[in-house]
Amino acid sequence: MSNEKIKKALIELADEYKIPYNSEAQGIYQGFTYAVGDADSYETLIKQALEEKAISRVQFGKAMDVALDIAVTLEDFSILLVLMDGNSAEDYYHAKKIALRKAAEIGCLWIVEHLVMHGADVSGNHAALIGAVEYGKKDVVKFFVSYGADIYTRWRDTDMMVYYIQCQDMDMIQFLFDQGYDICKGKKRQSNIINAAIKTKDREIVEHLLANTKQPNNRMFLKNMMVCATNQRNNEMVKILLERPESDDTLLEKVLKSVHIDGRQYLQNCMLSA
């Protein structure tokens with residue numbers, strides 16, 4: 001990408017981020033034009049700008065966003081490496097956080113590892129973890145979890161287990177179980193997991209969830225699954241659950257008491273035809 005194209009992109013981004021293009025800061029934004037591929041001058045430029053208070057810390061954070069967008073576009077993280085190495089100043093916290101999210105979303109594991117090794121926060125940066133999950137960067141997700149990311153992190157009424165059930169990704173479902181994920185931890189979480197599993201109509205996933213339900217919650221989890229499948233009139237899933245050896249008379253009686261009134265006859269018909 002030519003310097004002119006970079007300059008044009010930077011000016012557009014500056015407008016988008018509402019960065020004032022005044023005389024004091026003008027040199028900084030012009031400097032971005034030559035920053036890519038010349039990390040040393042970029043680092044000097046930023047440090048001088050902060051020391052001379054040419055821009056506020058808020059403007060600095062926005063300016064870093066612009067630079068990071070350019071770095072991602074060019075797939076050139078040399079600038080970030082210089083800025084992150086051995087630098088723990090408060091001013092760079094925002095930059096590390098944004099850089100980690102962007103690197104996670106594009107699946108650049110080596111830069112993710114580098115940022116984490118040099119102080120980027122994993123446990124508190126939910127946006128980076130969520131980005132890696134939603135963009136399908138499983139190696140990055142596994143790395144984050146190994147460094148303390150919360151496996152129960154929630155967003156938009158979902159979490160990693162629900163997301164991977166919906167994707168029918170057995171590898172990541174098993175990975176979460178290997179990390180100690182408890183599908184019965186919290187009623188709302190359990191309900192979301194059950195709903196997601198029932199909708200997949202995937203026998204392997206349902207049986208895998210049941211097999212990994214910790215005692216003594218396994219029978220209760222099966223009961224709740226049966227209730228959900230019955231209320232949804234999901235014939236295929238009801239049949240699968242009725243075939244389970246744990247689906248004895250005692251459990252089925254509890255299910256019948258828990259389903260909607262008009263669902264009892266439906267379930268009884270399913271039991272007769274099973």
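Analyst: In the largest pocket, helix α12 gives the most to the lining, with 5 residues. Helices here are DSSP runs of H or I with at least four residues, strands are runs of E with at least two, and both are numbered from the N terminus. The model is predicted, so local features need pLDDT of at least 70 and side-chain atom pairs count only at pLDDT 80 or more, while totals for chains, interfaces and linings use all residues. Residues are numbered from 1 along each chain as its sequence is written, and side-chain values use heavy atoms, with hydrogens and water left out.

User: How is a pocket defined, and which residues line the largest pocket?

Analyst: On a 1 Å grid over the protein atoms alone, a pocket is an open set of points with protein on both sides within 12 Å along at least five of seven lines, and lining residues have an atom within 4 Å of a point. In this model, the lining of the largest pocket consists of K187, Q190, S191, I194, N195, K223, N224, V227, C228 and S258. The elements that give two or more residues to this lining are α12 and α14.

User: What volume does the largest pocket have, and how do its lining residues divide into nonpolar, polar and charged?

Analyst: A volume is the space filled by probe spheres set on the grid points, which are joined across faces, edges and corners; the probe has a size of 1.4 Å. For the largest pocket the volume is about 190 Å³. Ala, Val, Leu, Ile, Met, Phe, Trp, Tyr, Cys and Pro count as nonpolar, Asp, Glu, Lys and Arg as charged, and the others, Gly among them, as polar. On that scheme the lining has 3 nonpolar, 5 polar and 2 charged residues.

User: How many helices and strands does the chain have, and what share of its residues counts as buried?

Analyst: There are 17 helices and 2 strands in the chain. Buried means under 20% relative accessible area, exposed over 50%, and partly exposed in between, with a 1.4 Å probe and protein chains only. Of the 274 residues, 49% count as buried.

User: Where do R203 and E207 lie, and which parts of the chain do D248 and R219 link?

Analyst: The side chains of R203 and E207 form a salt bridge at 3.3 Å, N to O. Both residues belong to helix α13 (residues 203–211) and are 4 residues apart, about one turn of the helix. The side chains of D248 and R219 also meet in a salt bridge, at 3.1 Å from N to O. This pair links distant parts of the chain, with D248 in the loop between α15 (235–242) and α16 (249–258) and R219 in helix α14 (residues 218–231), 29 residues apart.

User: Is T200 buried or exposed, and which residues is T200 in contact with beyond its neighbours within four places in sequence?

Analyst: T200 lies in helix α12 and is buried, with a relative accessible area of 16%. Contact means heavy atoms within 4.5 Å. Leaving aside neighbours within four places in sequence, T200 is in contact with I165 and Q168. The T200 side chain also reaches the backbone oxygen of A197 at 2.6 Å.

How values were computed. A salt bridge is a side-chain nitrogen of Lys or Arg within 4 Å of a carboxyl oxygen of Asp or Glu. A polar contact is a pair of N or O atoms within 3.5 Å; within protein, one must be able to donate a hydrogen and the other to accept it, and residues adjacent in sequence count only if both atoms are side-chain atoms.
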